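Opening the notebook on this one.

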Amino acid sequence: MLPSDLPDPALPDPDLPDAVLLDMDGTLVDTEPYWMATEAEVIARHGGSWSAEQGLQLVGNDLRTSARVILDETGIDVDPDDLVTELVGAVAARVRRDGVPWRPGARELLAALADAGVPRALVTMSYRVLTAAVTETSPVAFDTVVAGDEVTHGKPHPEPYLIAARRLGTTAARCVAVEDSAVGATSALAAGAATVAVPLMVPVPAQPGLSRLRTLEDLDLGLLARIAGGEVVDQLEPERSRV
């Protein structure tokens with residue numbers, strides 16, 4: 001084989017997706033405990049109370065939706081937008097103080113994608129002030145970031161994933177999305193992306209077209225190519241794995 005016949009290592013494998021679109025909280029980083037502790041602290045500061053069980057129902061939600069749930073259930077007198085700003089700022093401060101709790105396999109996956117030339121998008125309902133605190137410690141840069149304060153409709157609406165794919169010059173149908181919640185998986189599937197859920201804080205029920213893994217450590221380039229090609233892999237119910 002002549003040198004000119006060798007594959008260009010800078011070009012992605014044709015079997016890999018055009019891009020990988022990744023959720024942040026609970027997917028790449030285990031910040032959900034930060035969120036839950038912050039919610040309890042902020043709500044207590046305003047005279048209310050909040051339990052861990054109540055916090056679980058907010059996982060994956062658009063922050064405006066979460067604020068409305070908090071106000072409805074606690075009765076505290078705070079403007080919803082002010083509550084979101086207070087929560088996000090406090091979580092970002094906690095991340096900077098205590099460090100970014102990367103999930104096992106997350107940094108390795110990002111590095112492998114970069115080495116293979118596969119574009120990476122961060123698609124999160126967290127706001128820019130928090131995404132900045134996380135991405136500063138990422139082993140590789142993201143090609144684009146879609147944050148919750150940049151969309152009209154948050155997850156489970158497909159808009160965040162549609163925007164991410166468009167910014168990368170492709171369609172969601174040619175991408176693989178990685179999520180940790182049912183809300184996020186619904187958003188990605190509605191956008192048309194091949195979707196992988198790696199549950200953390202809350203269960204993600206099986207549904208058509210959804211792959212489910214136990215850990216990001218299992219999501220290597222070979223498995224990404226298979227999922228991009230239409231295979232559905234369910235490690236949580238192996239007997240139901242299907243194409």
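**Helix 8 and what follows**

I started at the end of helix 8, where G192 comes next with a positive phi, near 100 degrees. My helices are DSSP runs of H or I with at least four residues, my strands are E runs of at least two, and both are numbered from the N terminus. This is a predicted model, with pLDDT of at least 70 needed for local features and 80 or more for side-chain atom pairs, while totals for chains, interfaces and linings use all residues. Residues count from 1 along each chain as its sequence is written, and side-chain values use heavy atoms, with hydrogens and water left out.

Which residues of helix 8 are buried? I get G184, A185, S187, A188 and A191 in the run 182–191, buried being under 20% relative accessible area, exposed over 50% and partly exposed in between, with a 1.4 Å probe and protein chains only. Down the axis of helix 8 they fall within an arc of 160 degrees, so they line one face of the helix; the arc is taken from the directions from the helix axis to the C-beta atoms. Helix 7 (159–167), strand 4 (175–179), strand 5 and strand 6 (210–212) are among what covers them, contact meaning heavy atoms within 4.5 Å.

**A194**

I then looked at A194, which sits in strand 5 (residues 194–197). Leaving aside neighbours within four places in sequence, A194 touches C175, V176, A177 and I227. I also checked G230: it is 36 residues from A194 along the chain, and their C-alpha atoms are 7.3 Å apart.

The K155 to P156 peptide bond is cis, with omega near 15 degrees. I placed P156 in the loop between strand 3 (144–146) and helix 7. In helix 7, I list E159, P160, Y161, I163, A164 and A165 as buried. They pack against strand 1 (19–22), strand 2 (120–123), strand 3, strand 4 and helix 8. After helix 7 comes G169, with a positive phi near 75 degrees.

**Helix 4**

I checked the length of helix 4: at 1.5 Å a residue its 19 residues should span 27 Å, and the end C-alpha atoms are 27 Å apart, which agrees. The expected span is 1.5 Å times one less than the number of residues.

The buried residues of helix 4 are L83, V84, L87, V88, V91, A92, R94 and V95. Their arc is only 160 degrees around the axis, which puts them on the same side of helix 4. On the face turned away I find the exposed T85 and R97. The cover over the buried side includes helix 1 (32–45), helix 3 (63–74) and helix 6.

How do helix 4 (residues 80–98) and helix 6 (residues 128–135) cross, and at what angle? Their axes come within 8 Å and cross at roughly 10 degrees. That makes helix 4 roughly parallel to helix 6. My axes are lines fitted to C-alpha atoms, for helices over the stretch in contact, with angles from 0 to 180 degrees between N-to-C directions. Under 35 degrees is roughly parallel, over 145 roughly antiparallel, 65 to 115 roughly perpendicular, and the rest oblique.

Helix 3 packs on helix 4 at about 110 degrees, axes 9 Å apart. That makes helix 3 roughly perpendicular to helix 4.
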